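Dear colleague,

I am passing on the model we spoke about, together with notes on what turned up in it. Please look through the structure first and then read on.

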Amino acid sequence: MSQTSRLAIPPPLSLYIHIPWCVKKCPYCDFNSHEYKDSNGFAEIESLYVDALIKDLEYSLPKIWGRKIHSIFFGGGTPSLFSGKAIHKILSQVRALTPIIYGAEITLEANPGTIDSDHFEAYKEAGVTRVSLGIQSFNDGHLQSLGRIHNSNEAKKGIEIAMRHFDEVNLDLMYALPNQTLNEAIDDVKTATLFNTQHLSFYHLTIEPNTFFFKHPPSLPIDDVSANMQEKIEDILTQHSYQHYETAAFAKPKSQCQHNLNYWQFGDYLGIGAGAHSKLTFYDQITRESRYKNPKQYMEKVTTQHMIESETIIQASDLAFEFMMNHLRLIDGFLIKSFEEKTSLNISTIDKELKTALDKKLITINHEIIKPTILGQRFLNDLLGIFLK
Ligand code: SF4
């Protein structure tokens, strides 16, 4: 951004904590997750990593000085591989080092293949308020083709355990899976609604570079079928009182994920842990940084305060696109005022792009609110492409 611009008030700040290990790498996964293989057991590496996270946070404090944490998210990888004791130690240190707003949402991602009641009890005692379960499907054949370590029964048992301990539970599911039919996708969404969790996420499976599926492409449903799946998912979830508030996210009233909302509203986040990303607003610039991805290298680098692999200033020419890339995922769009506050740019700088999006019927502008139309939601990449410089 231009060095003369001034951002009067930084947006809300969230904390993301990355846990980079999984029992097994899924063939579609491009997250920074590594299969854990060590005959010494997990306790030793867990303890070393917890110490690294705490050091990382301590060294990062000058960048967030005086700012309150609005939400915390343990993502991965598989955070539920960590013991309650480890999560307790991390959260105690976060509380000791930073002010956290009262009632802040604290989410932990869990894999149904790695959970039991004792773990969830301990997470709750540590302060976790919300659990997000990586279910993906209730169909054993599809779970197998996705390389998941759980089956349908374990998924259902995991949901019941999670709901016994937490009021706020999210289920992550995917559709447009290899060889999936429309009816199978409908079965998955109907099964998901039976549990009546507060939040559901339905992601379209995408094949990312550097994954097993990229090298060995599976047979996927054609675009028309996956578009039908998306429509059916939205219809069924609306009938069950879930509000569709973001491309893939559906929530019961007042149960939207605060942490993810902050990302989509172009808020700030400090990401600690291997490969974690941050976006931080200062009075004269907005920066992005990322940490070393390899867990061993990250742990070594933290000891010398050199855990950040890259740091960049977001240029003014990229700011509008970055803002749109997040905000236009939200079904309710955004206020023009918010664009100006969070980017320090005048909305007139994107007049031409807004007109193109309007002409193509991809957005509406009403009472100072810009939001994607149904067409804009369906063709989000085309809509975002308009704002890409
Ligand atoms: S469990 Fe999640 S993070 Fe781990 S490999 Fe599978 S998709 Fe990736």
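Angles under 35 degrees count here as roughly parallel, over 145 as roughly antiparallel, 65 to 115 as roughly perpendicular and the rest as oblique. Angles run from 0 to 180 degrees between N-to-C directions, and the axes are lines fitted to C-alpha atoms, for helices over the stretch in contact. Please keep in mind that this is a predicted model, in which local features need pLDDT of at least 70, side-chain atom pairs count only at pLDDT 80 or more, and totals for chains, interfaces and linings use all residues. Residues are numbered from 1 along each chain as its sequence is written.

Helices and strands are DSSP runs numbered from the N terminus (H or I with at least four residues for helices, E with at least two for strands). The axes of helix α2 (residues 84–97) and helix α3 (residues 117–126) come within 8 Å and cross at roughly 10°, and α2 and α3 are therefore roughly parallel to each other. On the α2 side the contact involves Gly 84, Ile 87, His 88 and Leu 91, which meet His 119, Ala 122, Tyr 123, Glu 125 and Ala 126 in α3; two residues are in contact if their C-beta atoms, placed from the backbone, lie within 7 Å. The residues of this contact of α2 with α3 comprise 5 nonpolar, 3 polar and 1 charged, where Ala, Val, Leu, Ile, Met, Phe, Trp, Tyr, Cys and Pro count as nonpolar, Asp, Glu, Lys and Arg as charged, and the others, Gly among them, as polar.

Which residues surround the ligand? They are Cys 22, Lys 25, Cys 26, Cys 29, Phe 31, Ser 33, Gly 76, Gly 77, Thr 78, Asn 111 and Gly 134, a residue being near a molecule if its C-beta atom, placed from the backbone, lies within 6 Å of it. This shell around the ligand divides into 4 nonpolar, 6 polar and 1 charged. Gly 76 and Gly 77 are also joined by a cis peptide bond, with omega about 15°, and Gly 77 lies in the loop between β4 (69–76) and α2.

The domain assignment, which is automatic or from a database, gives domain 1 (13–262) and domain 2 (320–382 + 385–389). The centres of the two domains, taken over C-alpha atoms, are separated by 28 Å, and their contact takes 4 residues from domain 1 and 6 residues from domain 2.

As to the strands, two of them pair if DSSP finds at least two bridges between them. Strand β12 (residues 277–281) and strand β13 (residues 286–291) pair in the antiparallel sense over 5 bridges and form a hairpin with 4 residues between them, with Ile 286 in β13 as the bridge partner of Thr 281. β13 is also joined by 5 bridges to strand β14 (residues 308–313), again running antiparallel, and Arg 288 stands opposite Thr 312 in β14.

An open sheet of 3 strands has the order β15-β17-β16 with antiparallel pairing; its edge strands, each pairing on one side only, are β15 (334–335) and β16 (363–366). β15 pairs with strand β17 (residues 369–372) over 2 bridges, and Phe 334 stands opposite Ile 370 in β17.

Best regards
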